Amino acid sequence: MILLEPNSRVLEETLLARFTSEKPEIVEITLVDFDNVVYHVQTSAEQRTLLNLSVEMKYFNEVLSYGADEILKREYGDYLIPVVNPQYQITLQFNLEQLPEDKTALARHVSMLKRNMLASSFIRAFEYWESQQEGAGPLMATHYRDSEAIYVQAQQDRVTVIFSTLFKEEVDRVLGKVFLQEFVDARRQSSIQNAPQVFYSSREPPLEIRHLPDLRQDESVGYVSFVLFPRHFADQEAREKTISQIQLFRDYLHYHIKCAKAYMHSRMRTRVKEFLKVINRAKPDRTTASSEKRTATGRYFRPQFRQPTSSQFVEGE
């Protein structure tokens, strides 16, 4: 098992290698992260000291309506430039000759870009709770994957987060149901009261999103609801931790499913090897099983059967 981090490790290592390089080089690297986010790192031959990072997010317009532009300007305003390639929605530019002293911290901060953009709906829900308005807040949906979405809605005393996850294969569907049901039961039987409440439903969506059109209702879809209470987002430190951890739920779920399948396959291969050993031990020895003899020329020797004469027969036998 590994510990998934909220930032993009591959992007952090790529940027840090460019930031700490003694001689600027011409690079053009395309990276793909979780949730189908694409990063394009590029320098031109004319200006090798200017490093451009372009980001493609299919859900960019959705998070933009929840205030992601304010987060983008606040966190990366010094490096934000107009989009160069229309395929990408965000472009950051770094002058390799004018970087801050702590280049490691800068690379890690930039690698948190996807996490910060997805946090826009959570931050708006927490702000609605702080305003103490009556009734439920707006339902914010982020379709971060094909046929999968994150729904966030604030109320006066809680914030509800709903994940819709799609299982394309039959094995993943069975294992996913087992994992999700155990996830709910473990929270119910646990003595730790700091964890949020968890609810799981298959096929039928929760009440908060049941009115939405075009929701899939078949065996391949499951819905997991997290109920966040004020202790999970009342102070700034708990809020940031909650946002980082809950965003990784879907990745952790499918990672556990892949680990379970890999473990079962390894056990099956080990079992097959043991069966082959048993079968090989049960085979007869061919050198002792053959009783036929050969002549000096290599031909098989078969003794001739001689007919008995009439004098060899005794009457009455």
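Start by selecting Thr-160, which stands opposite Val-227 in strand 9. You are looking at a predicted model, in which local features need pLDDT of at least 70, side-chain atom pairs count only at pLDDT 80 or more, and totals for chains, interfaces and linings use all residues. Residues are numbered from 1 along each chain as its sequence is written, and side-chain values use heavy atoms, with hydrogens and water left out.

Next, colour strand 7 (residues 159-166) and strand 9, which run antiparallel and are joined by eight bridges. Strands are DSSP runs of E with at least two residues, helices are runs of H or I with at least four, and both are numbered from the N terminus. Two strands pair if DSSP finds at least two bridges between them.

Buried means under 20% relative accessible area (1.4 Å probe, protein chains only).

Then select Phe-19, Leu-53, Phe-94, Met-117, Val-159 and Val-161, which touch the most other members of the 61-residue largest nonpolar core. Such a core is a set of buried Ala, Val, Leu, Ile, Met, Phe, Trp, Tyr and Cys residues joined through side-chain atoms within 4.5 Å. Helix 5 (residues 113-131) gives the most to this core, nine residues.

Last stop: a second, separate core of nine residues, including Tyr-151, Ile-162, Ile-209 and Leu-215.

Notes:
Buried means under 20% relative accessible area, exposed over 50%, partly exposed in between (1.4 Å probe, protein chains only).
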